[in-house]
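Here is a friendly note to read alongside the model. Please keep the viewer open and follow the points in order.

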Amino acid sequence: MEYSYSFVLLLFGAACIAGLLGALLGVGGGIFIVPAMVLVFHLPMKIAVAASIVSVIATSNAGGSSYVEQRITNLRLGMFLEIFTTLGAISGSVLALYLSEWLMLLIFAAMLAYMAYAAFATRYLDDQRISAGDFARAQPDRISAWLNLRGSYFDEAAKRDVEYVVNGVPVGATIAGLAGMASGLLGVGGGVLKVSAMNRYMNVPMKAAVGTSKLMIGVTAAVSSILFFMAGLIQFAIVGPIAVGTTVGATFGTIIMNRLHSSWLKKLFSLLMLYLAYEMLAKGLDLGFHFHLPSMG
């Protein structure tokens, strides 16, 4: 690796794109920036992952705080689901000692593929339900009513206030736990699962799910970053442009996200989940059966 001005600028540009996409979809930018650092900049995988973890904190701070200011984030819901995500991460770390990694990869690949299909199949449903006011007419379950998990935000694309009533808490909490388990077992971000769980099963509009997820992923990443720092894997010469770039990209992403229709966000979201499902399927087949699928990056 030759550290130069051009290297820093290119790394900064890649981080800006990763931060932008992460803010639009409510996920960490690591799924974009790690392949770029390894394949384009030829950085060691562990250094790339460590820098990615720090970038997730940066993009969560930039995107999460902006969504809180715009009143898109559901703070009560985010803190509630974070409990199950943390428990899932601990469980995933324990399961990694006993379960075959290839089996878990195939299970999560199947789950992501289904969610990619569900997001694409319902890409126009959010806009239709917002227009009809269906999100506000849903009935809360007992847990949702007890914790008062309902929320509202102003949708700039629809030019109206959107109120919604959270329900399906047991299913959503279970998937949040699986998201944490995926993070602990496989080292992948759980934001993509949490966004889908909130939107698909908990009656949370796509934009509110993105804003809430963006806040949550920073909490998990902060814990992981301490471990990487103690292991000496965080190189500040790499982390600097990555953190600044993701912050710039996430800041811009939060500005335009609420101006987009939910259908566009769901199309991007389904493509992302399909990509992750393919990569996890390829890795699972390789580990379990030595069957090689071509990698997409």
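**Notes on helices, rings and spaces**

1. Let us begin with helix H1, residues 5-25: its 21 residues reach 30 Å from the first C-alpha to the last, close to the 30 Å expected at 1.5 Å a residue. The expected span is 1.5 Å times one less than the number of residues. Helices (H or I, at least four residues) and strands (E, at least two) are DSSP runs, numbered from the N terminus.

2. A word on how to read this: the model is predicted, local features need pLDDT of at least 70, side-chain atom pairs count only at pLDDT 80 or more, and totals for chains, interfaces and linings use all residues. Residues are numbered from 1 along each chain as its sequence is written, and side-chain values use heavy atoms, with hydrogens and water left out.

3. Which residues of H1 are buried? They are Phe7, Leu11, Ala14, Ala15, Cys16, Ala18, Gly19, Gly22, Ala23, Leu24 and Leu25. Buried means under 20% relative accessible area, exposed over 50%, and partly exposed in between (1.4 Å probe, protein chains only). Just after H1, glycine 26 takes a positive phi of about 75°.

4. Helix H3 covers residues 45-69, and its 25 residues reach 35 Å from first C-alpha to last, close to the 36 Å expected at 1.5 Å a residue. H3 is mostly covered, with 18 of its 25 residues buried. Arginine 71 follows H3 and has a positive phi, near 60°.

5. A pocket is an open set of points on a 1 Å grid over the protein atoms alone, with protein on both sides within 12 Å along at least five of seven lines; a cavity is a set where a 1.4 Å probe fits but cannot get out, and lining residues have an atom within 4 Å of a point. Helix H4 (75-95) and strand S1 (151-155) each supply at least two lining residues.

6. How many cavities of 30 Å³ or more are there? The count comes to one, and the largest cavity has a volume of about 70 Å³. Helix H5 (101-121), helix H10 (191-201) and helix H13 (262-289) are the elements that give two or more residues to its lining. The residues lining this cavity are Met115, Ala118, Ala119, Thr122, Ser196, Asn199, Arg200, Met206, Lys266 and Phe269.

7. Now for the rings: the structure holds four aromatic pairs. Rings of Phe, Tyr and Trp (its six-membered ring) pair if their centres lie within 6.5 Å; planes under 30 degrees apart count as stacked, over 60 as edge-to-face and the rest as tilted. Tryptophan 102 and phenylalanine 289 are edge-to-face because their planes stand at 70°, with ring centres 5.2 Å apart. This pair links distant parts of the chain, with tryptophan 102 in helix H5 and phenylalanine 289 in helix H13, 187 residues apart.

8. Finally, look at two charges over rings (NZ of Lys or CZ of Arg within 6 Å of the ring centre and within 35 degrees of the ring normal). Arginine 123 lies over the face of phenylalanine 120, at 4.0 Å from the ring centre. The charged end of lysine 267 sits over the ring of tryptophan 264, 4.7 Å from its centre.

How values were computed
Points joined across faces, edges and corners; volume = space filled by probe spheres on them.
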